[in-house]
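Visitor: Could you take me through this structure? I would like to ask about a few places in turn.

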Amino acid sequence: VESAGVICMSGFREVSRGISILVVDDASTMRRIVKGCFKQFGFENITEAEDGKIALAKLQSPENHFDLIVSDWNMPNMMGIDLLIAVRADEKLKKIPFLMITAEARSDNVVAAAKAGVSNYIVKPFTVDQLEAKLELIYSKK
Amino acid sequence: VKTDLVNPFIMATTNVLETMTNTKIIVGAPYEKVEYSDLRAVTGIIGMAGADTTGNLLISFDKESILAIVSRMLMDEFLEINQDVIDAVGELTNMICGGAKNELSSHGLTVGMATPIVIAGGKVELQKTPDHPVLTIPFETEEGEFILETNLAQII
């Protein structure tokens with residue numbers, strides 16, 4: 001299955017470790033934790049953005065190419081849900097897998113994210129294994 | 001004291017520290033505070049208010065415990081309290097309060113959270129709020145000075 005130029009096979013473990021990942025969070029600590037998890041999984045090509053607005057600019061820049069977006073929900077300037085809506089509305093970006101990380105466990109948030117086309121959803125706090133399981137679900141569906 | 005108002009904080013603290021920082025913690029017996037308490041090396045504070053709730057959360061770590069916790073959390077070795085440790089305490093305070101808020105909402109209580117404040121070694125850090133810097137306003141009296149800081153933001 002083709003996703004933004006990357007061939008995904010039967011699951012997360014099969015995904016090329018060379019893919020480009022965008023981690024979006026206003027908290028430097030969370031960006032560092034998520035980056036640390038992906039480095040543990042063997043990924044090195046990770047870019048950070050401090051909010052949805054900065055992330056969208058990086059995504060829409062012709063100089064960049066991303067294969068996976070991992071975003072927080074609550075951020076200044078542009079929330080994660082608005083970033084998700086913008087990504088799904090953009091012809092060039094709409095197929096990129098989008099994992100939402102959030103402290104909000106409310107069902108209306110989950111429903112809103114699902115309606116907007118989120119690939120999966122993980123609630124803080126989470127373990128490395130829980131993150132890997134969510135990524136496995138994303139890539140096994142593709 | 002209603003246990004419904006206390007247990008969510010114990011559960012959230014245990015959950016966040018065990019999940020995000022792989023730290024085993026032992027919960028002691030709660031007691032009513034009657035005197036001022038001494039702050040430990042790094043302290044996170046967050047304000048809470050809702051239609052039917054009001055209060056604060058304060059979490060204060062000694063140096064050894066927070067350096068070990070943040071080292072495991074960020075998968076790096078921290079030997080001194082620096083900006084990364086201060087940021088991590090802000091995020092831990094946020095996550096613990098968020099976890100308690102989720103648990104309290106399942107008991108029908110609404111809690112709104114402010115942004116955290118972190119105090120370390122005589123320094124204090126207010127987090128920037130959306131599109132708004134932290135402002136420090138200096139004041140003087142005949143005998144000396146004081147400052148006021150605010151980061152209040154209007155959320156549209």
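**A conversation about the model**

Guide: B:Val118 has its place in strand 4 (residues 117-120) of chain B; strands (E, at least two residues) and helices (H or I, at least four) are DSSP runs numbered from the N terminus. This is a predicted model, in which local features need pLDDT of at least 70 and side-chain atom pairs count only at pLDDT 80 or more, while totals for chains, interfaces and linings use all residues. Residues are numbered from 1 along each chain as its sequence is written, chains are lettered from A and ligands numbered from 1 in the order in which they are written, and side-chain values use heavy atoms, with hydrogens and water left out.

Visitor: Is B:Val118 buried or exposed?

Guide: B:Val118 counts as buried because its relative accessibility is 6%; buried means under 20% relative accessible area, exposed over 50% and partly exposed in between (1.4 Å probe, protein chains only).

Visitor: Which residues is B:Val118 in contact with, leaving aside neighbours within four places in sequence?

Guide: They are B:Val42, B:Thr43, B:Gly44, B:Ile86, B:Val89, B:Gly90, B:Lys123, B:Val124 and B:Glu125, where contact means heavy atoms within 4.5 Å.

Visitor: Turning to chain A, at what angle do helix 2 and helix 3 pack?

Guide: Helix 2 (residues 52-60) and helix 3 (residues 80-89) of chain A pack at about 20°, and their axes are 9 Å apart. Axes are lines fitted to C-alpha atoms, for helices over the stretch in contact, with angles from 0 to 180 degrees between N-to-C directions. The two helices of chain A are therefore roughly parallel (angles under 35 degrees; over 145 is roughly antiparallel, 65 to 115 roughly perpendicular and the rest oblique).

Visitor: Which residues meet there?

Guide: From helix 2 of chain A come A:Gly52, A:Ala55, A:Leu56 and A:Leu59, which meet A:Leu83, A:Ala86 and A:Val87 of helix 3.

Visitor: And aromatic pairs, how many does the structure hold?

Guide: Over all chains there are 7; rings of Phe, Tyr and Trp (its six-membered ring) pair if their centres lie within 6.5 Å, with planes under 30 degrees apart counted as stacked, over 60 as edge-to-face and the rest as tilted. The planes of A:Phe38 and A:Phe43 stand at 70° with ring centres 5.9 Å apart, so this pair is edge-to-face. A:Phe38 counts as buried, at 0% relative accessibility, and A:Phe43 counts as buried at 0%.

Visitor: Which aromatic cluster includes A:Phe38?

Guide: A:Phe12, A:Phe38, A:Phe41, A:Phe43 and A:Tyr139 form one aromatic cluster.
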